[in-house]
Amino acid sequence: MNAKLHNFFLNTLCLAVGVLLSLGFWSLLSATVAKDLPTPAATWEVAKPYILEPFAKRGEQDQGILRLVGYSLALVAKGYAIALIVGTPIGFLLGLSKGFARVFDPIVQVLRPVSPLAWLPLGMVLFLGTGRQALENGALFTIAICAMWPTVLNTAVGVRAIPQDYLNVGRVLKLSRVKMLFKIMVPATLPYMFTGFRLSLGIAWLVIVAAEMLTGRTGVGSFLWNEYNNANYGNIIFSILTIGFIGFILDRLMSVAESRFKTA
Amino acid sequence: MSSFLDLSRLHKTFPTPKGPLTVVKDFNLKVRKGEFIALIGHSGCGKSTVLSMIAGLADVSLGGIVLAGKEVNSAGPDRGVVFQSPCLLPWYTALENVLLGVEQVYYTASKLERRQIAEYYLSVVGLADAMHKRPAELSQGMRQRCGIARAFALSPKMLLLDEPFGMLDNLTKMELQDVLLDLWQRDQKTALIVTHDVDEALYLADRVVMMTDGPEATVGDIFEVKFPRPRNRLQLLEDPAYYEAREYLLHFLNERSHHRPALPADLPPPPAPKPPATGLRRIMDALAAA
C-alpha cells in the first residue's frame, strides 16, 4: 500500500514537472520568437468563459466547451457506428474468402491512405440531393469511410489467425455455418476486432475536426476555425488541448474494453 | 466376424515441391465393436494422420474407411475426438464447452435434459465442482478431463484419442487413464488411441497395432493384449507376461519398425574444413566480413 502511494506521488510529481516545463517553453516562445502566440495566462483569460460555464449556450458558435464537444461526439458516434457495422463484415469476408480478398484487397489498399480532406467533397457531392443535410451527411460519410479501415484490416487478420484447433472442434461437432460463425469465429476474432475498433475510434475523432472546419457544422473543429478568423488565437490553443484530452479519454476507454476481451 | 470399423488399403499422400510424398501406404485394419485399439509408432510416422482420416479431418488419398456400415468422408459428431491439447474454447466454461456438442447431437432433447447429460459426464470425469470455470482457470489435467467428457457426451459410435495424455505428468496421466477406462467400460464404446507410450497401450488396449516408420508407413505387427478386465495396474506389474509383452513392443519400435536401407558403405566423408587464410587473403576476408 505504501509503495502504491509512493508511486502515485512520484507519478503526479513527474506529471507536474512535465506540464510546468511545457508551459515554460510556451511562455518563452510567446515572449521571444512568436509574438502573436498568446501566453498561457492570456490563453486562460480567453478560454475562461468556455470552461467555467461548460454547458452555456450564448449563441450559435458561442457555447460552453463541453456543449461543443458534445455536438462533435454525437456526429463521431454516428459515423463510428456506421464504420463498425460496415467494416466488421467486410473484414470477415476478407479473412474468410481467398477469392474475396483477391478481388477487394487491392482496392482497400488503395483507398486506405486517402486523406479525410479528400473524401469530404466527394461525400458532400454524394448527398447533394439531401439539401441542407448534405453537409452533415457528407461529414458522416467521411468519418465512416476513414474510420473503417483499421476495423476491416484487423478483423481480417484476426479471422486468418483463428487456430485450426478451434475450427476442428467445430467440424467434429458438425456446427452449422451460423453457429460456427457466432460460437467460434466471432469470439476467437474478438481481441483483434477490438484493436481495430480502438484505432478506428481514434481516426474518427481525428476526422471530425477536419470535417467541422470545412463544413462549418457547430462543434470543436469549427469553433477552432472561427476563433482563428476572429483573431482569438488563445482559443486555438484551448481547442487543441480539448481535442487532445477528449481523444486521450476515448482511447483509454477503448483500451479498458479491449483488455477485458484479451484475457477472455 | 463382421467388423465395426474397416480401414482398407488406406493411403495418404501430401503434395511437396519435390512431388507427392506418401505418408501412409496400404494401411489395413478391422476393428470389432467395443474393441479398444492402441496405435503405436515413432513420432511423425503417420499414426495421427490415420486418426485424422478416421475423424474425417483429413482427406483419404486412396482406399476407404467404413464405420458401422457407412463410408466416412467428412467429420461428424458420431466420432468423438479427444485432441492432444484439449482444444476447449477459452470463451466458454467447461459446462458450455460440453453443451456445445450435446446440443448438436441431442437437438430434440429439452434444455434441461441436455444440461443433465453434460453435467453427468463432467461429474464422471471428476469436474463436478469446476463446471462453471473457464479453461484458463483449469489445470492441464482438468482441461483434458473436460475434453474426454465432451467426447463421451456426444454418445459417439466411436472414440478417437490423439495422444490425449501426452502433455500430462505421470500421476495425472495414470488417473486419467483410469477415468477413460471406466467410461469406456460403462458406455461400451469402440475406441482407438494413438500413443507412443508402450505402457499406456498395454494398460488400455485389447490390441496394439504397431506402425512402421514413415514415409510409406503401414501396419507392421499387431499384438493381442490378453490381460483380463477390469485391469489392475499393480497386478499387471507383477505379471511376468506384462514384461514379455512390453519387451515385444519395445523390440518392434527399436529394431523392426525401420525399413529404411542401411547407409551405403561407400558414403563419401564429410568435407574437410578449409585451411585458415593467410596474408592478403585474410585482410580481404576481414574487410568483406565487416
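Across the interface of chain A and chain B, the rule finds eight residue pairs in polar contact, both residues at pLDDT 80 or more. A polar contact is a pair of N or O atoms within 3.5 Å; within protein, one must be able to donate a hydrogen and the other to accept it, and residues adjacent in sequence count only if both atoms are side-chain atoms.

This is a predicted model: local features need pLDDT of at least 70, side-chain atom pairs count only at pLDDT 80 or more, and totals for chains, interfaces and linings use all residues. Residues are numbered from 1 along each chain as its sequence is written, chains are lettered from A and ligands numbered from 1 in the order in which they are written, and side-chain values use heavy atoms, with hydrogens and water left out.

| Item | Value |
|---|---|
| Chain A residues in contact with chain B | 16 residues |
| Chain B residues in contact with chain A | 22 residues |
| Area buried between chain A and chain B | about 1,700 Å² |
| Salt bridges between chain A and chain B | two salt bridges |

Contact means heavy atoms within 4.5 Å. Buried area is the accessible area (1.4 Å probe) that two parts lose on being put together, summed over both. Of this area, 65% lies on carbon and sulfur atoms.

A salt bridge puts a side-chain nitrogen of Lys or Arg within 4 Å of a carboxyl oxygen of Asp or Glu. B:E103 and A:K179 form a salt bridge through their side chains, at 3.8 Å from N to O.
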